[in-house]
Amino acid sequence: MPRETTTPSGTATPRETAVYTHGHHESVLRSHTWRTAANSAAYLIGALRPHMKVLDIGCGPGTITADLAELVPEGHVTAVDHAPDILGKARATAAERGLTNIDFAVADVHDLDYPDDSFCVVHAHQVLQHVGDPVRALREMRRVCRPGGIVAVRDADYSAMTWYPDVPAMGDWLDLYLRVARANGGEPDAGRRLRAWALRAGFTDITATAATWCYASDDERAWWSGLWADRTVASAYAGRAVAGGHTDATGLDAVAAAWRTWGAEAEGWFAVLHGEILCRK
């Protein structure tokens, strides 16, 4: 649960307590900047209209955000993230693409600084797996969504990820990641829980779907295995894994080596399952 702080007026407001497991190391951004509306928000695209006002929560480096802005050319996108530093990259992404219908702000999804009924669409990609109270977050997303609007959420489900062949120590990677993410206050198997969380948040009109990312070609395997091998030894995740007593440098090196071994397998295949929900208010 998020802690509560007291404002000068005496009102209690939530504060995020979960730690973002990945951080923003280059190996993490290598993955995040690959994401587009087409490969990460296809379930939402058909519901967008040119005039819509969109809130994009957890925008990261802003590649999905920029696509959303292009899909609502007569509307506007407000992009927010809990980490101030990453917003500079998101602004640069928008500037490079010549987009002027986006603004950026720091925000906590548990306590959004927007009035009720502010947005036509509230979108969050790979966010709820990292927050302290996903149900409360969804209630906030529902609050700032206009009547008749849409709350759209997509999250991976780590325990449902699958790969071939069964390289030794790849199972150790998954076990380690699950332990570190949960110790940080998140829920890495968020995908399967999205519909349940939305029901608890008060939504009644929910369309739940699933989609995958799949990495199988030589280039795809090299990219996916390389970024995870680097993330395992060099990112904030690596530091948190060791600091939390979940492994040591030798263990991290073994997991990184397993990723590179899998990536070199000519028959290699990896699938990432995502849960998706479109909730109409």
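Me: Is L199 buried, partly exposed or exposed?

Reply: This is a predicted model. Read burial from relative accessible area: under 20% is buried, over 50% is exposed, and in between is partly exposed. L199 has 41%, so L199 is partly exposed.

Me: Where in the fold is the place of L199?

Reply: L199 is in helix α8, which covers residues 194–200. Now take I86, 113 residues apart from L199 along the chain. The C-alpha atoms of the two are separated by 31 Å.

Me: How many helices and strands are there in the chain?

Reply: The chain has 11 helices and 10 strands. Its radius of gyration is 19 Å, close to the 19 Å from the globule rule for 281 residues, so the chain is as compact as a globular protein of that length. The C-alpha trace spans about 50 × 40 × 35 Å along its principal axes.

Me: What share of the residues count as buried?

Reply: Of the 281 residues, 53% count as buried. Look at contacts too. Take those with a separation of 6 or more: residues 24 or more positions apart account for 77% of them.

Me: Where is the pLDDT below 50?

Reply: Over residues 1–13 the pLDDT is below 50. That stretch still has 26 contacts in the model beyond near neighbours in sequence. Where pLDDT is low, the predicted coordinates should not be read in detail.

Technical notes
Residues are numbered from 1 along each chain as its sequence is written. This is a predicted model: local features need pLDDT of at least 70, side-chain atom pairs count only at pLDDT 80 or more; totals for chains, interfaces and linings use all residues. Side-chain values use heavy atoms; hydrogens and water are left out. Helices (H or I, at least four residues) and strands (E, at least two) are DSSP runs, numbered from the N terminus. The radius of gyration is taken over C-alpha atoms; the globule rule is 2.2 Å times the number of residues to the power 0.38. Buried means under 20% relative accessible area, exposed over 50%, partly exposed in between (1.4 Å probe, protein chains only). Contact means heavy atoms within 4.5 Å. pLDDT is the predictor's confidence in each residue, from 0 to 100.
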